[in-house]
Amino acid sequence: MGFSKIYEFKGADDGILSITRKDNSLYIAGEDNIIRIFSLFNYKEIKAIKAHSRDILSLKLSKDNKYLFSSSRDGIIKQWDLDLNLIKEYPPHNSDVNIIDFIDENTFISASDDATIRIWKTGKDSYKEIKPNIGDINGIKVTNNYIFAGGSKLIIYSKDFKEIKSDDNYIYGINLIKQNGNDIFISTHMEKYLEIWSEETLEKKKRIKMTSWINDILFFKDKIIIANSNIISIYDKDFNLIEQNDFLSDEVYALESYENKIITASNDSYIRIWEIK
C-alpha cells in the first residue's frame, strides 16, 4: 500500500480547518472566514461567500443532506442550503463554537468554549443549555444510544442528557470524538493518546500513544486514516500501521473521502487529492 498524490489546488486564502463533501461538491472553510464550493470533477471553484467574522471551525451536513451548517469562533452557527444561500443564523454562544452534531433531522447540538452544550430545534431560536463543568468542549458525538462530550474530561450522556458515565483521566483534555461502527475514537490531542471505547459496553478497549497530536480521523473502507500534525497514517482495523506519509510541510486539519481517493485539507491553504494503492 502507498500514497500517490494525483492533484492539489489552493482552496482558501488561509489555513483550511474543515471540509465536507456532498456528491461531487466539496465544501471548504477555515481561517479566511469564507465557505467555498469546489467541483470534484474539475477542481474549479463554484461559489465563495464571506460566511462569518472569524475562523470557521466546523462544517456539517444535516442528517437529510439538505443543509450545510457552519460554526465559528464568532460564536455563531449558520444554516445554509447547498448553494450557500443563508437559511438561518442562530443566537450566538458566548465563545467559539467548536463543533455540532445531529440527534435527528430536527434536532442538533453545539459544543462551545463557553463550556456549554446547547440542544437546538432546527430553524428555531430557542434552545436548552447544559453546563457539564468540563471547560472548553471540543469534541461531541451523537451515537445510536448515547452522546459523548469531551473537554477536560469525558462525559457520556443518554439521549435525554442524563449522565451515564464520566472519565477524567486527561491531562490536556479531549479535542476530537469520532465513531466507526460500535467503536468510539477519542483523541487527547497534546497528550498524544488515542482511546478506543466500545459503545456497547462503554468501556475503554485501547489506549494508544501516537507520534504526534491528532487533528482528524477518517474511516475509509476497512482502513483508519489519521492526520497526525503533518503526517498521514493508515492503520488496519486492528490498528496495525500499514503506511505513513510524512512529506507534507504543514499540518493537515481535515480529511474526506471521494470514490477511491482521500482528500486532505491543510494549514497551507491547499487541498490535496490522494490515491491509496
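Strands β2 (16–22) and β3 (residues 25–30) run antiparallel and are joined by six bridges. Strands here are DSSP E runs of at least two residues, numbered from the N terminus, and two of them pair if DSSP finds at least two bridges between them. Across this pairing, Ile19 stands opposite Ile28 in β3. Two residues lie between the strands of the hairpin, where Asp23 takes a positive phi near 55 degrees. Five of the seven residues of β2 are buried, meaning under 20% relative accessible area with a 1.4 Å probe, protein chains only.

A word on what you are looking at: this is a predicted model, in which local features need pLDDT of at least 70 and side-chain atom pairs count only at pLDDT 80 or more, while totals for chains, interfaces and linings use all residues. Residues are numbered from 1 along each chain as its sequence is written, and side-chain values use heavy atoms, with hydrogens and water left out.

Now let us move to another sheet. Four strands form an open sheet in the order β1-β28-β27-β26, with antiparallel pairing. β1 (3–10) and β26 stand at its edges with a single partner strand each, so one side of each has no neighbour in the sheet. Within this sheet, five bridges link β27 (residues 261–266) to β28 (residues 270–276), and Thr264 has Arg272 in β28 as its bridge partner.

Both β2 and β26 are among the strands that each supply at least two residues to the lining of the largest pocket.

How values were computed: Buried < 20%, exposed > 50% of the residue type's maximum accessible area, 1.4 Å probe, protein only.
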